[in-house]
Amino acid sequence: MTKALDKNSGASAVNLAVNVGGLSMKNPVTVASGTFASGREYAELWQASVGASSEPSKNVNPATELEALGALTTKGVSFEPWTGNATPRIAETPSGMLNAIGLQNKGVEAFCQDDLTWLAKNAPELPLVVNVCGHTVDEFAPVIERLEQETVVDAYEINISCPNLDCGGMALGVDPEVAAAVTRTCRAATKRPLIVKLTPNVTDITEIAKSVEAAGAGALSLINTVAGMAIDAKLRKPLLARGSGGLSGPAIKPVALLAVHRCYQAVSVPLIGMGGIRNATDAIEFMLAGATAVAVGTANFADPLVALRLADEMQLWCESQGVEDINELIGGLLA
Amino acid sequence: MCEAVGARESLSCQAASGVLEPCEVLDIGSCDKNGGIRRLVLRAPHAAIHALPGQFVHLRIPHFDDHLLRRPFGLYRCNSAAGTIELVYQVLGAGTQQMTSLKVGQKLDIIGPVGRGWSCAPEAKNVLLIAGGMGAVPLYPLAEQLKAQGKQVQVVLGAQNADLLVFQKDFETLLGAENIPICTDDGSAGFHGFTTERAAELLKKSSFDAIATCGPHLMQRGVALLARKAGIPCEVSLEERMACGIGACLSCVVETTAGKKRACVDGPVFKADEVIWND
């Protein structure tokens, strides 16, 4: 909880600290899984950029800047290494992008040795959420069991919503019973905060939300990408090698806001809202819809330092609006 | 992985991490008579000083907010004393179309210099460069560097037609016209045929000890095959759709003998032998 004060102490009376199902965050900002790797590339870009500028007074410690986040959410980690899909894996679309990366990752053991070692050394105070993925219900718990040995991990985000896998991913998140089964096996494997990330590609997202809440989810992330397609007319072919992918960016912000709004009314666990957030106003809109925290995803690609600045911008927004505690915004839509 | 030594002067394979650098448009212009190929000069001192041949910058196009992604552009000429970089690009899609409206004095930002550039067998003495279309862009700074090192360099320069041979003058000024064999797909200038055919002829006549190529994917695959047959080490510069440009998102991966590698920071230059060429 003292983390809440270190960056902005004295500068403002606004309380930005939030609690997401047992995960204490000094501000509501995290990043969307898969857009930020494990933070190292962004931290090093920040460090190099500040070092290259002519302003000598700035602190160039990458850890300090990563710790501007309320929490870091890693890319999805599976038990075995996954090679992901063929390229092209992305396509730009109006106000958005499609991706079909396919959760390429080096597996939990290498993740622990490389990424977690780096994070423990360089950002030890940063709350860390590890995104966990699997092809089947049974593949999640072994990942968590391995990560339980790592003290730097603070929480898990369970990915039952990736649209880019032939087996697992979203298939686990569209059926309330299966989603609950994954949640139960993860809940049994850890006492750490458990966040379940939901797909919008369902008839009624609140049905899934209620089911995973009942199965032990301490918080929900929403939304994962919206299933979509882009076509090259001249070639008469899809723009993605996989054919279809997941849509992200400002194009899906209204979809995401509605999902957060509806789930806020349907469940009592806290929500992490994401989908097209680019600035403080976007983030505040998600909180008003019912999110306790927010994640920046696709915007990281255009502006790689936006997530590291967002909490400061949200604080300024609160100051300008006379908001003393950001928690008062959560679900604060007026009738 | 990095066989060459680390000093900058040695043309070693380097993976410099990029910097987010604000920059300013200093000059714009057309390179061909139809305006389909454009040049853009930016004040970007950090990139200008630190760029190595074969690296690129990841550029955010201003006033283009409904198109989210940055665009990667190979570095053409860098002037470290003046702090300027020059990009040459073909107008192909919405992004490059939007870039034609850039004005002198306009501000934008880049991440750069990014990527692992050419290493090109540092011990090589006689180097063949094979450039198809816009593939000439990253090969120009390599040619400059090889010349400065006193090496023999020939550049097969190919384009669809004579009008699109926009790099011919610069390469000829640098290396002399006798070292720039030209070819065009339609025969409107130089050899009538593909760069790979022209390169195959040259390989029969002279002995090269290194090859570097950039151009259409199929052409690079063809060059890689020629090089393998001739037993000459070859480097290629690959292009994949890219999002972050800093190695985080895994969009731009290339299939290699050592698994998937990221074109943005593990490339864009790869050893031809490590690439698993697909159709």
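**Helix packing, the A–B interface and some backbone details**

Let's start with a crossing: helix 4 of chain A passes helix 5 of chain A, and the crossing is right-handed. Helices here are DSSP runs of H or I with at least four residues, strands are runs of E with at least two, and both are numbered from the N terminus.

A word on the source. This is a predicted model: local features need pLDDT of at least 70, side-chain atom pairs count only at pLDDT 80 or more, and totals for chains, interfaces and linings use all residues. Residues are numbered from 1 along each chain as its sequence is written, chains are lettered from A and ligands numbered from 1 in the order in which they are written, and side-chain values use heavy atoms, with hydrogens and water left out.

Back to the helices. Helix 4 covers residues 140–147 of chain A, and helix 5 covers residues 176–189. Their axes are 9 Å apart, at an angle of about 20 degrees. That makes helix 4 of chain A roughly parallel to helix 5 of chain A. Angles under 35 degrees count as roughly parallel, over 145 as roughly antiparallel, 65 to 115 as roughly perpendicular, and the rest as oblique. The axes are lines fitted to C-alpha atoms, for helices over the stretch in contact, and the angles run from 0 to 180 degrees between N-to-C directions.

Which residues meet? From helix 4 of chain A, A:F140, A:A141, A:I144 and A:E145; from helix 5 of chain A, A:V182, A:T185, A:C186 and A:A189. Contact means heavy atoms within 4.5 Å. By class, this contact of helix 4 with helix 5 of chain A has 6 nonpolar, 1 polar and 1 charged residues. Nonpolar covers Ala, Val, Leu, Ile, Met, Phe, Trp, Tyr, Cys and Pro; charged is Asp, Glu, Lys and Arg; the others, Gly among them, are polar.

Next pair. Helix 6 (residues 205–214) and helix 7 (residues 253–266) of chain A have axes that come within 9 Å and cross at roughly 45 degrees. That makes helix 6 of chain A oblique to helix 7 of chain A. This crossing is right-handed. Helix 6 of chain A brings A:I205, A:T206, A:A209 and A:K210, while helix 7 of chain A brings A:A259, A:R262, A:C263 and A:A266.

The rule: a side-chain nitrogen of Lys or Arg within 4 Å of a carboxyl oxygen of Asp or Glu. A:D204 sits in the loop between strand 9 (194–197) and helix 6 of chain A, 58 residues from A:R262 in helix 7 of chain A. Over all chains, the search finds 24 salt bridges.

On to the interface. The contact takes 37 residues from chain A and 28 residues from chain B. About 2,600 Å² is buried between chain A and chain B, with 60% from carbon and sulfur atoms. Buried area is the accessible area (1.4 Å probe) that two parts lose on being put together, summed over both. The rule finds 2 salt bridges across this interface of chain A and chain B. B:R262 forms a salt bridge with A:E41, with the closest N and O atoms 3.9 Å apart.

Last, the backbone. The peptide bond from A:L222 to A:I223 is cis, omega near 15 degrees.

Key:
A crossing is left-handed if the near helix is turned anticlockwise from the far one by less than a right angle, and right-handed if clockwise.
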